[in-house]
Amino acid sequence: MSLTLNDITLTYPDGEGRLTALDQVTLDVPRGSLTAVAGPSGSGKSSLLAVAATLISPDAGTVTVDGTPTTGMTRRQLTDLRRHKIGIVFQQPNLLPSLTAAEQLQVMADIDGRSPAKARARAMDLLDTVGLADHAHRRPHRLSGGQRQRVNIARALMNGPTILLVDEPTSALDHERGAAIIELITSLTHERGTATILVTHDRTHLTAADQIVEIHDGRLHLPAPAC
Ligand code: ADP
Ligand code: MG
């Protein structure tokens, strides 16, 4: 198992009380497989990804990455873990306007102290993988929404993560472009052997998943069989 959430409960302050965003969530995501998490807005999908990414520590329960429980790790250890093992694709690409597609990726390697030539070669290789070899020199304003999302995905893969966490990557795209993005995430998962969680509120994107779970009010369920 590459990523395991065990009995996770997460609450946020809410007026006088607490709101339970994740309620005893348990989920195993093996390497090389795609788990889709479907659920309506406000059901806890982004919270689940934030906990899996070790960006938020839960009130209770354990996140285990490559067999190592993350509970009790220092901030620094968690930052290191995220940098080397976890690729995160947020809902909005958040690309830097002044950087070309290749530079958006290279920045990740600079943080990691890799040599510029190696970083550039890896960035070009990944842009090729996501179908953007010819757009490496373009800045975000000269890329379409779908292309920006591809850069976002390539950037998350820059440091060779074993875990890939993707939050509603198609919400700003039309159906056809959205489907192509899901296809890309699926093939990257199988080729690179990542343990991938894909969050979506669009059920038509679930067919490619190896495992589908639904979340309602912070509780995970197996989906109801299709009628
Ligand atoms: P989803 O991604 O499925 O839309 P979220 O995980 O963003 O759901 O939110 C789950 C619940 O937690 C919602 O009720 C939301 O309002 C609440 N919530 C999310 N983030 C915070 C926060 N930082 N502080 C307080 N409540 C939050
Ligand atoms: Mg969300």
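A polar contact is a pair of N or O atoms within 3.5 Å; within protein, one must be able to donate a hydrogen and the other to accept it, and residues adjacent in sequence count only if both atoms are side-chain atoms. The model is predicted, so local features need pLDDT of at least 70, side-chain atom pairs count only at pLDDT 80 or more, and totals for chains, interfaces and linings use all residues. Residues are numbered from 1 along each chain as its sequence is written, chains are lettered from A and ligands numbered from 1 in the order in which they are written, and side-chain values use heavy atoms, with hydrogens and water left out.

**View 1. Polar contacts to ligand 1.**
The backbone of Ser46 places an N or O atom 2.9 Å from an oxygen atom of ligand 1. The side chain of Ser47 brings an N or O atom to 2.6 Å from a ligand 1 oxygen. Lys45 has a polar side-chain atom 2.8 Å from an oxygen atom of ligand 1. Alone, ligand 1 exposes 560 Å², and the protein buries 60% of that. Accessible areas come from the Shrake-Rupley method with a 1.4 Å probe; for residues, only the protein chains shown count as cover.

**View 2. The shell around ligand 1.**
A residue is near a molecule or strand if one of its heavy atoms lies within 4 Å of it. Around ligand 1 stand Tyr12, Leu19, Ala21, Pro40, Ser41, Gly42, Ser43, Gly44, Lys45, Ser46 and Ser47. By class, four are nonpolar, six polar and one charged. Here Ala, Val, Leu, Ile, Met, Phe, Trp, Tyr, Cys and Pro count as nonpolar, Asp, Glu, Lys and Arg as charged, and the others, Gly among them, as polar. Helix α1 gives the largest share of this shell, three residues. Helices (H or I, at least four residues) and strands (E, at least two) are DSSP runs, numbered from the N terminus.

**View 3. The largest nonpolar core.**
This core has 34 residues. A nonpolar core is a set of buried Ala, Val, Leu, Ile, Met, Phe, Trp, Tyr and Cys residues joined through side-chain atoms within 4.5 Å. Buried means under 20% relative accessible area, exposed over 50%, partly exposed in between (1.4 Å probe, protein chains only). Leu105, Leu127, Val151, Ile153, Met158 and Ile185 have the most contacts inside the core. At least two residues come from each of β3 (33–38), α3 (101–111), α4 (116–129), α5 (145–156), β7 (163–167) and α6 (175–192). The most come from α6, with five. Another core lies apart from this one, with 27 residues, among them Leu22, Leu81, Ala195 and Ile215.

**View 4. Val151 and His135.**
Contact means heavy atoms within 4.5 Å. Leaving out residues up to four places away in sequence, Val151 touches Leu95, Ala101, Gln104, Leu105, Leu127, Leu132 and Leu143. His135 sits in the loop between α4 and α5. His135 counts as buried because its relative accessibility is 17%. Beyond its neighbours within four places in sequence, His135 is in contact with Ala101, Leu143 and Gln147.

**View 5. Leu198 in strand β8.**
Strand β8 (residues 195–200) holds Leu198. Its relative accessibility is 1%, so Leu198 counts as buried. Not counting residues up to four places away in sequence, Leu198 touches Leu34, Thr35, Ala36, Val37, Val166, Pro169, Ile182 and Ile185. Leu198 and Ala38 are 160 residues apart along the chain, with 8.5 Å between their C-alpha atoms.

**View 6. Thr4 in strand β1.**
Thr4 belongs to strand β1 (residues 3–14). With 17% relative accessibility, Thr4 counts as buried. The side chains of Thr4 and Asp28 make a polar contact of 3.3 Å.

**View 7. His84 in helix α2.**
Helix α2 (residues 75–85) carries His84. Its relative accessible area is 39%, so His84 is partly exposed. The His84 side chain reaches the backbone oxygen of Asp80 at 3.0 Å.

**View 8. Two loop residues with positive phi.**
Glu168 lies in the loop between β7 and α6. Its phi is near 35°, a positive value in a residue other than glycine. Glu168 is buried, at 9% relative accessible area. Asp217 lies in the loop between β9 (211–216) and β10 (219–221). Phi of Asp217 is near 50°, again positive in a residue other than glycine. Asp217 counts as exposed because its relative accessibility is 67%.
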